[in-house]
Amino acid sequence: MSVWDDLPGQGKTITALSRAVAEGSPSHAWLFTGPPGSGRSNAARAFAAALQCTVPDAANRGCGQCKACVTVLAGTHPDVALISTEKVNYQIDDVRELITKAQDRPSTAPWRVIIVEDADRMTERTTNVLLKSIEEPPPHTIWILCAPSPADVLVTIRSRCRSVSLSVPTRAAVAELLVRRDGLSEAQADFAARIAQSHIGIARRLARDEDARRRRDRTVRMPLRLRGVADAVMAAAELVDLSTAEATAAATERAEAEAAALRTALGLDADAPVPPQQRSQFKALEENAKRRARRSTHDALDRSLIDLTTFFRDVLMLQLNSGTELVNDYLADDLRSYAAASRPEATVAKIDAIAEARTRIGANVAPLLAVEAMMVALRPAK
Ligand SMILES: [Zn+2]
């Protein structure tokens, strides 16, 4: 077992990162890039864990079992900060606070590691504040910035970071992870990897949680029952409700898993009371979970819209006779009759309508409003 186990299909990246750890003098600024679901923040956490790992032999750092590894992965290591924003952009004051934190010497570990998720959500002015600290970092501080692609951060930042790019894992690599780690059957794992389009975290949830699968299924079938405007309004309300339920369930599952991992790390039984000197660690975990929950509702709705897009993507593939595999292969009959009853141009317009709703929600339009307008546009043409 090691901290790298959950990064399917990233062999080359893992080799490079392990080498950087083993050599003992890693760069002070890193830029991890990869599309959502490729595991870029997991990779950043794994790297942070390996940097802090207490195994004596540097070549084996990232053991996944020592207290440093476990607490970094659980998000409670005192010298590793994982920063994300619930807002569209980072606030300049948040970044100033980070930079102050970066000046502190680590309390126990060799490094102070600061992981910035969504480094693409920084305005130029905010980035310039960060730049100074990245140019002249304190000797014990390591910055890890995460973004979808190198082009998403300013060139001034990019040029000062060592770049690590993660690729989208293949469906087979994701399925293999689900079989090995989560004990799923090959058929279950392959199905989940396919409908999640190789997004690791989503695939795992769908594979393990029947309710999550049911919610996704309700979502992708929605176009099949849209007729009048009234249907569209009802479907919009249902989509928002399903996303909220999914966000709550996903956040609860993750919080429970983190608490369980922390108990294991601290050697506490599942039901044992937490001793006073360790309560602050559990408290930090709860704070993280609350912060994430606020953001996860938005993310879950966005994911539902991506799921809905897969319906029309499949319809388009059938209409164009492309021979490409269907994401929602299990709905092949419904998809075929839907495809036969409409034209590719109409399908493209529907895909655009979903994309527009995603953009509007990203720009803070009330979700229900944006989704209603979209559902109206998704009705089949007469
Ligand atoms: Zn370790």
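The structure is a predicted model. A search of the whole structure finds 29 salt bridges, and helix 3 packs against helix 11 with their axes 9 Å apart.

**Packing of helix 3 and helix 11**

- Helix 3 covers residues 67–74 and helix 11 covers residues 229–266; the angle between them is about 165 degrees.
- Angles over 145 degrees count as roughly antiparallel, and helix 3 and helix 11 are therefore roughly antiparallel to each other.
- The crossing of helix 3 past helix 11 is left-handed.
- Helix 3 contributes Lys67, Val70, Thr71 and Ala74 to the contact, while helix 11 contributes Glu258, Ala261, Leu262, Ala265 and Leu266.
- Of the residues in this contact, six are nonpolar, one is polar and two are charged.

**Salt bridges between helices**

- Side chains of opposite charge can pair when their charged atoms come close.
- Aspartate 182 and arginine 204 form a salt bridge through their side chains, at 3.1 Å from N to O.
- Aspartate 182 belongs to helix 7 (residues 171–182) and arginine 204 to helix 9 (residues 200–208), so this pair ties together parts that are 22 residues apart in sequence.
- Aspartate 182 counts as buried at 18% relative accessibility, and arginine 204 counts as buried at 14%.
- Glutamate 238 and arginine 218 also meet in a salt bridge, at 2.7 Å from N to O.
- Glutamate 238 lies in helix 11 and arginine 218 in helix 10 (residues 210–221), 20 residues apart.

**An exposed pair and a network**

- Arginine 343 and glutamate 345 form a salt bridge at 3.6 Å from N to O, and both residues are exposed.
- A network of salt bridges links residues including Asp6, Asp182, Arg204 and Glu253.

Terms used
Residues numbered from 1 in each chain as written. Predicted model: local features only at pLDDT ≥ 70, side-chain atom pairs only at ≥ 80, totals over all residues. Heavy atoms only, no water. Axes fitted to C-alpha atoms, helices over the stretch in contact; angles between N-to-C directions. Helix = DSSP H or I, 4+ residues; strand = E, 2+ residues; numbered from the N terminus. Parallel < 35°, antiparallel > 145°, perpendicular 65-115°, else oblique. Left-handed = near helix turned anticlockwise from the far one by under 90°. Contact = heavy atoms within 4.5 Å. Nonpolar A, V, L, I, M, F, W, Y, C, P; charged D, E, K, R; others polar. Salt bridge = Lys/Arg side-chain N within 4 Å of Asp/Glu carboxyl O. Buried < 20%, exposed > 50% of the residue type's maximum accessible area, 1.4 Å probe, protein only.
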